[in-house]
Amino acid sequence: MKKTGFRLLSLMLALLMALSLTSALAEANGEIKILTNVTGGKDDAEMLLFAEALGKAVGAKVTMEKPAANYGDVVMQKLGAGEVYDLIYLNAPQMFYLQEQGALTDLTDYVKASPILSDTAVIPADEWEQVSVDGRIYAGFNKTEVHRLVNINKVVAEKAGIDVDAIEPTLDGYYEVMKKMKEVGGEGFYGLNAVIKDAWDLQPWFASAGLKAGQVLNEDGSISVPYATEAAIPVWEWLAKLYAEGLLDPDSLTGSSGDMRGKFNTGKTAVVVDWAAWTGLYNLNAGEAYPEQFEAYPLPGTKGPDGNYMLARGDASIWVVPANAANVEGAVKVLEFFATQEGGELLSLGIEGHDYTREADGSVTFTEVGRSHNKDHGAPFPVSRLYKDPIGFPPNVELAMSYLPYASIQRSDALTDMYRQIVAKYGTQIVNGTLSGADGIAAMQEELKAEGVIK
Amino acid sequence: MQDSLRAPGRSLLRRRLKQYRSIYLMILPVLVYFLIFSFYPLILGLIQSLQKERLLGTPQFIGLKNYEALFRDRNFLQALWNSFYIGSTSLVINIMMGTILALSLNELRSRPAKAAVQTVTFLPYLFSWTVVGGVWIYVLSHNGLVNGMLDALGLERVSFFTVPAWGRPVMLFTNAWKQSGYFAVLLLASLVGIDPEVYEAAHIDGASRMQQIGRISLPMMLPTVKTLLLLGATGVLRNFDQVLIMSRPAIKDKVGSVLLFIYEQGILKMKIGLATSAAAVVLLATFLIALAVRKASRYEGSLYD
């Protein structure tokens, strides 16, 4: 009896010690507080699971806050009130506003010391330029930003007798395609829909003149805006021609990306320019209509004078470490984890056991919940270039991603929003005929210079 | 000696406080609320307008540099002018439309018809600009109702949101559509308060209905119009929701408001110093406009001054 009691006590003590050791290990990296917008669970319960999974992976107690709305306001309020976070989700232009105020931690030395983050096979060296100011790094990455490219309604194209793989990669070539597709598309069908009020989806067309989107840093240190040069006039006038002939949906001048996507997905548009991930989403959203009644097919757009395609990648979605962060090392551990295979799976597939199950042979099966989340818990395309997707992509996404080598990063800084507003303002007026191409470009240049966007 | 001279004043104050203490106690919670949620943030904002913003760390006092940058910013000056132009023109249009609507409603003899028209015209006021703006964006779109009608009449379609010349008319019209019903309700209330015997006397004297409206109804509505003018004047520079929902790049130069400027600078670009200095300018401008309107309308004067 005594022996049994002694054995039981020893066992309990051993268990207690094991538990203490586990929890000590689990919180070896302390506590990490994260303010997130896109990344994480889809509801409060799932957010807790996500934070738990992330905490286990990095050996820390992770708490994640996700505001219901007005994320920008919330970030401002929280930082202004002195609340302490270790990681905050932002987009690239916002990073520049905060860096100007000295509100961010310089991560350069942490990145250089990290075997994962400094590995150029994982994150190419030029990617860090997006989050650098004067050669210092101020953020880590949430995902790989993919490119935007042409998506064509393949079903209507074939109805119009067009072989989508044989389209002449010029403005005239696409003009003829849109014209033929409009003839068979039915009432309310347009050749092209765009989001000109935000000036973000025009690169495949300006590629025909060899003009890069956004603000371009030249070798002499000056900054120019190729869309606002004389060389851009033929492209703007091409868009104006499409508008005048009823091939460009007039709502392209005022509508949102949501409007554009709705019309394309319901077969009301021949061609749109959208993210590579959306090629797959269009086809998934079509449900049973895919592929007989609707198929989004990706194309790289027009070729420039040098014979190459030119596509644009999006503004980086990033994580910054505020200057008052309590656990910078923990925050860097999270950034490192996001750049691993396991981290990529958490950010895309979701939480194991909740969004998906892993079979004995390593294959992955989605649960009903996981299927509804469309492989997007913040990073449909994870950070690491070495990431291997265990499930595969939705229809035609692999083909869309094959055009990534033609895409380059669009430069962002504190004046990016001003650039977009000015280009959209005069671009709209050129396209609807209020201004001629030459007058519109002259006005664009004048205002871009006055606002300091062109230097 | 001096104490004894001051003593009567102090004791009068004490007597008054004691006499009306229950009233002061009732006012106290409201006063505290305004002190905490209105005046304290106002003072903080004014202080921030004199600082170089730092979301984290101690801000740096820079005097009037934010104000200098503000008045050198073409976009702020344009936004201030847009707000004043659209705000004041809207106010005048809304009062005029409200008056016409109130007078017309007053002439309706059928009660059900009166109630129906009043409800229909008042309803848009209850909806937020998110709903109203969304509806009008659709109605005025290139393939919307208005352009469909223009097409049917053989006229050229109009791009209301992409041609700068249409920016302000669209804002003024949609604002009048939304707000006139509210003004009409207030003006109708003043109309029904007029003693019917005055109209009877005028009728006996041979005045026509139009003369009665011109010589009795309109002058009797004047105090209400003055009140609406003064209250409306304090809101001339405060158009935000409508512009945020309905503005587009091509027309923004004509309709972009000063509150939209403050939102973009303060919230989107995190330039708190610039935003709070713009807010201070709006506060001062609103005060001056209200003062000018009060003086011009002879607010405290009587009808016969």
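## Domains of chain A

Chain A splits into domain 1 (2-144 + 316-383) and domain 2 (147-313 + 402-450), with the bounds coming from an automatic or database domain assignment. The C-alpha centres of domain 1 of chain A and domain 2 of chain A sit 35 Å apart. Nine residues from domain 1 of chain A and nine residues from domain 2 of chain A make up the contact, where two residues are in contact if their C-beta atoms, placed from the backbone, lie within 7 Å. On the domain 1 side there are six nonpolar residues, two polar and one charged.

## Ground rules and confidence

This is a predicted model, where local features need pLDDT of at least 70, side-chain atom pairs count only at pLDDT 80 or more, and totals for chains, interfaces and linings use all residues. Residues are numbered from 1 along each chain as its sequence is written, while chains are lettered from A and ligands numbered from 1 in the order in which they are written.

The predictor gives the complex an ipTM of 0.81 and a pTM of 0.84. Chain B has a mean pLDDT (the predictor's confidence in each residue, from 0 to 100) of 91, with 95% of its residues at 70 or more.

## Where A meets B

The contact between the chains draws 25 residues from chain A and 20 residues from chain B. On the chain A side, α3 (71-80), α4 (92-100) and α16 (416-431) each supply at least two residues; helices (H or I, at least four residues) and strands (E, at least two) are DSSP runs, numbered from the N terminus. That side of chain A divides into ten nonpolar, eleven polar and four charged residues.

## The nonpolar core

The largest nonpolar core holds 183 residues. Such a core is a set of buried Ala, Val, Leu, Ile, Met, Phe, Trp, Tyr and Cys residues joined through C-beta atoms within 7 Å. Buried means 20 or more other C-beta atoms within 10 Å of the residue's own, exposed means 12 or fewer, and partly exposed is in between, with C-beta atoms placed from the backbone.

The members touching the most others are A:M95, A:F206, A:I318, A:V320, A:V423 and B:A278. Helix α4 (residues 74-107) of chain B gives the largest share, nine residues. Beyond its neighbours within four places in sequence, A:V320 contacts A:I88, A:L90, A:M95, A:L98, A:L104, A:Y138 and A:A139.

## A covered helix

Six of the eight residues in helix α13 (residues 341-348) of chain A are buried: A:G343, A:G344, A:E345, A:L346, A:L347 and A:S348. Their cover includes α2 (44-58) and α12 (328-338) of chain A. After α13(A) comes A:G350, with a positive phi near 115°.

The peptide bond from A:Y290 to A:P291 is cis, with omega near -5°; A:P291 is in the loop between α11 (276-285) and β12 (296-299).

A:D134 isn't a glycine, yet its phi is positive, about 55°. A:D134 lies between β4 (132-133) and β5 (136-137), and counts as exposed because it has 5 C-beta neighbours inside 10 Å. A:A199, also not a glycine, has a positive phi of about 50°. A:A199 counts as buried because it has 22 such neighbours inside 10 Å.

Methods:
Nonpolar A, V, L, I, M, F, W, Y, C, P; charged D, E, K, R; others polar.
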